[in-house]
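Work through the exercises below with the sequence and the model at hand. Each task is followed by a stepwise solution.

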Amino acid sequence: MTFIEQLRNRWQSADSLLCVGLDPDPAKFPDAFVDDEDALFLFCRDIVDATAEYACAFKPQIAYFAAHNGGEAALQRLIAHIDGTCPDIPVILDAKRGDIGSTAEQYAIEAFERFKADAITVNPYMGRDSVDPYLAYPDKGVILLCRTSNPGGSDLQFLEVDTPRGRMKLFEYVARTVAEDWNASGNC
């Protein structure tokens, strides 16, 4: 089953559009997790278990894991836990990757083969060749950022640009390009 099919099925079965972000910051953990070397996994596992009934997707942010010793192993265990306890709920690896093609190939392997994510967030602002390695996995989802929520996102994303499709904001052009030109497999 493709990511898109899995997500649509989950929307319907859970009657929910709730995507649960998993951005574990040990400095903000409850006391029960202080000094526990397995805290990253346990904290997120408890959130997954408490919200699975309502979630249409889980979205672990890779930086919150990679910044800590043993964090990537905790992320692998967390995704395995999600797949084992609620296999109908897709996992979106929030990585916002964006790099040249050869490096993007490695990031795609990391996301889809190492971490077994069902989808990944990708930054398309380096162009199509930086996204192609993710699109090479047609059963996996590729969520391309167009407009971000941070205040500085408006610095560039709201620029008015002349495009082959007419004048529009940069983020609108990116969204249309992804939807109309890059989505051949229907996984964007």
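**Exercise 1: the largest pocket**

The largest pocket holds about 250 Å³ of space. A pocket is an open set of points on a 1 Å grid over the protein atoms alone where a 1.4 Å probe fits, with protein on both sides within 12 Å along at least five of seven lines. The volume is the space filled by probe spheres set on the points, which are joined across faces, edges and corners. Find which residues line the largest pocket closest to its centre.

Step 1. Of 18 lining residues (an atom within 4 Å of a point), Asp36, Glu37, Ala39, Leu40 and Asn69 are closest to the centre.

Step 2. Helix H2 (39-51) and helix H4 (71-85) each give two or more residues to this lining. H4 supplies the largest share, four residues. Helices are DSSP runs of H or I with at least four residues, strands are runs of E with at least two, and both are numbered from the N terminus.

The model is predicted: local features need pLDDT of at least 70, side-chain atom pairs count only at pLDDT 80 or more, and totals for chains, interfaces and linings use all residues. Residues are numbered from 1 along each chain as its sequence is written, and side-chain values use heavy atoms, without hydrogens and water.

**Exercise 2: helix H4**
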